[in-house]
There are 2 protein chains.
Amino acid sequence: MGGPRVAVVGATGAVGREMSRILEERDFPLGELVPLASARSAGTRVPFGGRDVTVGELSAEALGGVDLAFFSAGAAVSRAFVPGAAAGGTVCVDNSSAFRQEPDVPLVIPELNGEELEADPPPRIVAVPNCTAITALMAVGPLHRAAGLRQIVISSYQSVSGAGRRAIAELAEQVGKLHGTEEDLLRPEPDALPVGDVFRRTIAYNVLALQGGMDEEDWTGEERKLLRESRKILRAPELEVQATVVRVPVVAGHSVAVFAAFERPISPDEAREVLGAAPGVRVVDDPERDVYPTPLDAAGIDDVLVGRIRRASGRDDALLLFASGDNLRKGAALNAVQIAERLFGR
Amino acid sequence: MGGPRVAVVGATGAVGREMSRILEERDFPLGELVPLASARSAGTRVPFGGRDVTVGELSAEALGGVDLAFFSAGAAVSRAFVPGAAAGGTVCVDNSSAFRQEPDVPLVIPELNGEELEADPPPRIVAVPNCTAITALMAVGPLHRAAGLRQIVISSYQSVSGAGRRAIAELAEQVGKLHGTEEDLLRPEPDALPVGDVFRRTIAYNVLALQGGMDEEDWTGEERKLLRESRKILRAPELEVQATVVRVPVVAGHSVAVFAAFERPISPDEAREVLGAAPGVRVVDDPERDVYPTPLDAAGIDDVLVGRIRRASGRDDALLLFASGDNLRKGAALNAVQIAERLFGR
């Protein structure tokens, strides 16, 4: 029992469940797991280490004596509890957007900028990037090091699990209502289309190019995160990032179509070589044999898949590629655990 | 019965059925409808004008005496029958890719370059552009006229009906197998995933970033069409077009996320004004009220929907937007009938 006491805040959510699973899978050397959630979910039990552990109610007191806390309960919860916990000595790894843009909070994808965890004294709060940003940056980050990114244009194909477990249920419910009437969807009756609380528009058999609120320039929060987080993680404050975030009726696995322009010419072969040597990236790029990334291939695994790597038309300094990653794992829980492993000396 | 004899080749396919429907909806002044198909489908009946019409077998003889023929049976059929029919006096409106890049064949979206139909003598063969190209160009074409396009980066979200009626059945079948097991798709068992003949990979709860064969530069035919057809239709032979074509589990309605850079500054407000005045385009761009284009909104209607119009980050000469159009209607059958209406004097 010499290992750290580890809290998972938001333990009953989609990312929280994956967090416990990954701690177990990777045999994280914890002394005790402390799953926490809101009063509504406290008292339920989550599986860990071959038994069920009762979820406690989140409070400052519940975080007392916790050495390491993973926060996956949204930005408001993180804002309320992370600063106090960190001041009390808890290392906080935060999956929310609350502190990502704080200058003194490292925003870390270990394979890309893990050295930011090696400050002395080590950081008390570390932010995990947005799930789509992680997927995109795992693909373009190594290319940036090789050839210097100038511009990226990202269109996303995001799964519903990124919006939580209720979102999976909402998709399933709508599919249940519409399945068997697919031919009718050639000329749908708007009034007959199911709508739910999470997406507000029909997500089954549809794509939704608006996720979250917008800023004064009509960019959504998700789109702006791709811009700001790319610049911070790559230490490229001038990088041009254009983004459109779209939800698709996929359960797990976020994908991105990327156009990337560089400071110098870079060929698809060089890009494949760079990405083939990049940790956490798997090049799956043999389209002649139907080998290319899809979210169903990426779901449940650790690597981000990158393929469809090709020269942009008429450009020797630009590439097109497509990447898929598990938004709950590398896009959230796995990345968080990797950060903790570095901080706790593995 | 003084109107033209009109053949629909591929009458039992997804586009062919929509073609008959649109001829009827728009009260096209035809004297007789001649539905034709391969030997396999000949003899079936298709609804038209309140009764069922028997589908004949396609042959050069069957096209004899036909004044106007719509071809929607694939490029090989068009290559085999269009030149002979045109030489025999039939005006051929071809939905396939067979003749789109022929210098003497106009490639026409009537709202954008309908004047190409007014040559004297009038063209005997007119090509209908690719369905995704139509959706994208209906949105960016008017902006090109206003401010001069320099570069477009397109990522598509294409529905399965673009791959024909069997593709709808394949999606429905796979959804039937996977519905109820959505939570399992967080960690899918690859061997348990259904695969069909049309897409070769699982299309339900997935997105497929590879559609069709590739050229020597690893661009797919669909992607290359977006490049070549945009340049031809817009008469912009130097236009930079970058494209990634992705199939999504949507029944009808193709969508595109577009980054567009122009010769001069253009604001989102100016773009909305230009598009608001463009025929065949409907600006749906009030995201605060969840008003933005989705394929389910576009399915079954004539207009291409354009929204999410916003300034590209850090650029006054570039915009981002999202558009959805019915791939069987404006993307194919409606565009073909609009061409015929111009040629036959309506």
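Two strands pair if DSSP finds at least two bridges between them. Strands here are DSSP runs of E with at least two residues, while helices are runs of H or I with at least four, and both are numbered from the N terminus. Keep that handy for the tour.

You're looking at a predicted model, where local features need pLDDT of at least 70, side-chain atom pairs count only at pLDDT 80 or more, and totals for chains, interfaces and linings use all residues. Residues are numbered from 1 along each chain as its sequence is written, chains are lettered from A and ligands numbered from 1 in the order in which they are written, and side-chain values use heavy atoms, with hydrogens and water left out.

**Stop 1**

Select residues 318–325 of chain A, which make up strand 14. Eight of its eight residues are buried (under 20% relative accessible area with a 1.4 Å probe, protein chains only; exposed is over 50%, and partly exposed lies in between). In a regular strand, side chains alternate between the two faces of the sheet. Colour A:A318, A:L320, A:F322 and A:S324 for one side, then A:L319, A:L321, A:A323 and A:G325 for the other: both faces are covered.

**Stop 1: its partners**

A:R310 has A:L320 as its bridge partner. Six residues lie between strands 13 and 14 in this hairpin, where A:G314 takes a positive phi near 70 degrees.

**Stop 2: helix 9**

Jump to A:Q338 in helix 9, residues 329–343 of chain A. Is A:Q338 buried or exposed? With a relative accessible area of 14%, A:Q338 is buried. Its side chain makes a polar contact with that of A:K330, at 2.5 Å (a pair of N or O atoms within 3.5 Å; within protein, one must be able to donate a hydrogen and the other to accept it, and residues adjacent in sequence count only if both atoms are side-chain atoms). Leaving aside neighbours within four places in sequence, A:Q338 is in contact (heavy atoms within 4.5 Å) with A:R26, A:P110, A:E111 and A:K330.

**Stop 3: over to chain B**

Select B:S41, in the loop between strand 2 (32–37) and strand 3 (45–48) of chain B. B:S41 is buried, at 15% relative accessible area.
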